[in-house]
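Subject: Structure handover

Hello,

Please find the structure below, with notes on what was found in it.

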Amino acid sequence: MKVVDLRSDTVTHPTPAMWKAMALAEVGDDVLGDDPTVQRLEALAAERLGTEAALFVASGTMGNLVALLTHCGRGDEVILGDKSHTIVYEQGGMAALGGIMPHPLPNRPDGTLRLEDIAGAIRGDNIHFPRTRLICLENTHNNCFGVPLTAEYTAAVVALARRYGLKVHIDGARIFNAAAALEVDVRELVRGVDSVTFCLSKGLCAPVGSVLCGSAAFIAEARRNRKVLGGGMRQVGILAAAGIVALQEMTLRLDADHACAQCLAEGLAAIPGIEVQPVYTNMVYFRLADSVTLTADDVAAGLKERGVLILPRDARSFRAVTHYWIDADAVDQALEAVRAVLTG
Ligand code: TLP
């Protein structure tokens, strides 16, 4: 039986072109600045995002942490969404390792923070308060149904940040999905921000790695912070080679994943007992109607028996994520399995 893995786009494994690029990669000691493939990836990423420089890091979590450590000192404060990956799923790394204080504000269902809330959260110059340094956005917003944030919204946040002398970081783990959904160049979505991370290893299919982009001075400092976290990697051009394929080829086909997500959502919505949230990119959030007596764990177990992997979010709801290895047949298999499980 074919396994249909909808748990996340992090489950993607390399494409044949990536395996080939990895096998043939020219490598060197990247801590000594000798790896030509890493240098190519970093140059390509900076060019695509429209920044001066870029830094290959081991993961999205590391990219966000390195960015925060580079922008902020101990006791500084970061404004970010209460549903953001950085505050929910990164172990409070900014506080644990950087002494940085998070100032969470409510994420609206469209993934944004109200500009008035941000302005209200910025501290005045007062000996009692931490210093506000940074505003973090997430695009697409994972916990808000994978919704993309528009260029206009980000520009408004950047303008606000400038008025108060603050920096802006974007967790752009899936920023190429946002660009595809909004039909804009990815540069438009990061214009004016001080740093952005994007992941090579999610919808872009590379096995490992993310890239942090920013000014040359910022990236030079970030390189120091990556090193202290143990993220200085040696012949890492083997991984960067897959990252280059990810950027060159896989960013061009994300519409197909979004179309599959729409098909999955439409099919699910037609199954009695399933309630589906709006779909924006490659994520389908859905829940069990009150009439269904099974729990989400029961349903996940039943689906697993039918070769469909999916993660419950709580006792009643799920997230399914489409990616390169999910095609129309996989969507049909998943829908058939959900129907079978719900009808017993
Ligand atoms: N997200 C994972 C899990 O950690 C929840 C997933 O399956 O979606 N930013 C965003 C917006 C992310 O969604 C993720 C991973 C990260 C950062 C962290 O990336 P990694 O896993 O590379 O550290």
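An oxygen atom of the ligand lies 2.8 Å from an N or O atom in the side chain of histidine 85. This is a predicted model, in which local features need pLDDT of at least 70 and side-chain atom pairs count only at pLDDT 80 or more, while totals for chains, interfaces and linings use all residues. Residues are numbered from 1 along each chain as its sequence is written, and side-chain values use heavy atoms, with hydrogens and water left out.

Two further distances involve an oxygen atom of the ligand: 2.8 Å to a polar backbone atom of glycine 60, and 2.9 Å to an N or O atom in the side chain of arginine 319. Taken alone, the ligand exposes 510 Å², and the protein buries 81% of that (accessible areas by the Shrake-Rupley method with a 1.4 Å probe). There are 14 residues around the ligand (a heavy atom within 4 Å of it), and those that come nearest are Ser8, Gly60, Thr61, His85 and Asp171.

Next, a pair of helices (DSSP runs of H or I, at least four residues, numbered from the N terminus). Helix α8 (residues 175-182) packs against helix α12 (residues 254-269) at an angle of about 75°, and their axes are 9 Å apart (lines fitted to C-alpha atoms over the stretch in contact, with angles from 0 to 180 degrees between N-to-C directions). That makes α8 roughly perpendicular to α12 (a term for angles of 65 to 115 degrees). On the α8 side, the contact (heavy atoms within 4.5 Å) is made by Phe176, Asn177, Ala180 and Ala181, and on the α12 side by Leu254, Asp255 and His258.

Two backbone details remain. The peptide bond from asparagine 139 to threonine 140 is cis, with omega near -5°. Threonine 140 lies in the loop between β5 (131-138) and α7 (151-163), where a strand is a DSSP run of E, at least two residues. Glutamine 91, a residue other than glycine, has a positive phi, near 60°. Glutamine 91 is in the loop between α4 (85-88) and α5 (93-98).

Regards

Terms used
Angles under 35 degrees count as roughly parallel, over 145 as roughly antiparallel, 65 to 115 as roughly perpendicular and the rest as oblique. A polar contact is a pair of N or O atoms within 3.5 Å; within protein, one must be able to donate a hydrogen and the other to accept it, and residues adjacent in sequence count only if both atoms are side-chain atoms.
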